[in-house]
Amino acid sequence: LFRAYAGMSFKEYLLRTRIEAAKDMLPYTDRKVYEIAELTGFQELDWFYKKFKEIVGKSANEYRTDKG
């Protein structure tokens, strides 16, 4: 039912929502990337880095530098 409404699985929706929250935080805080990953619900830092780059197209550090 969720997939029919949102066009993606709930797991994918949750992942993208967490990545968007991290994108919102990265340019505007001095927190370390691993702290932002934890705050947005990622328990595995490597998973965060992998999925962030996959979805955004650049690493979290590159994103922070470009937006900052």
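Predicted model: local features only at pLDDT ≥ 70, side-chain atom pairs only at ≥ 80, totals over all residues.
Figure 1. Which residues of helix 4 are buried? They are Phe48, Lys51 and Phe52. These residues lie on the same side of helix 4, because they cover an arc of only 105° around the axis.

**Figure 2. The other face of helix 4.** Now look at the face turned away from the buried side of helix 4. Here you will find the exposed residues Asp46, Lys50 and Glu54.

**Figure 3. Helix 4 from end to end.** Helix 4 runs over residues 45–56, which makes 12 residues. From its first C-alpha to its last, helix 4 reaches 16 Å, close to the 16 Å expected at 1.5 Å a residue. What follows helix 4? Gly57 does, and its phi is positive, near 95°.

Figure 4. Met25 belongs to helix 2, which covers residues 10–25. Is Met25 buried, exposed or partly exposed? Its relative accessible area is 28%, so Met25 counts as partly exposed: buried would need under 20%, and exposed over 50%.

**Figure 5. The surroundings of Met25.** Setting aside neighbours within four places in sequence, Met25 is in contact with Ile36, Leu39 and Thr40.

Conventions
Residues numbered from 1 in each chain as written. Heavy atoms only, no water. Helix = DSSP H or I, 4+ residues; strand = E, 2+ residues; numbered from the N terminus. Buried < 20%, exposed > 50% of the residue type's maximum accessible area, 1.4 Å probe, protein only. Contact = heavy atoms within 4.5 Å. Expected span 1.5 Å × (residues − 1). Arc of directions from axis to C-beta.
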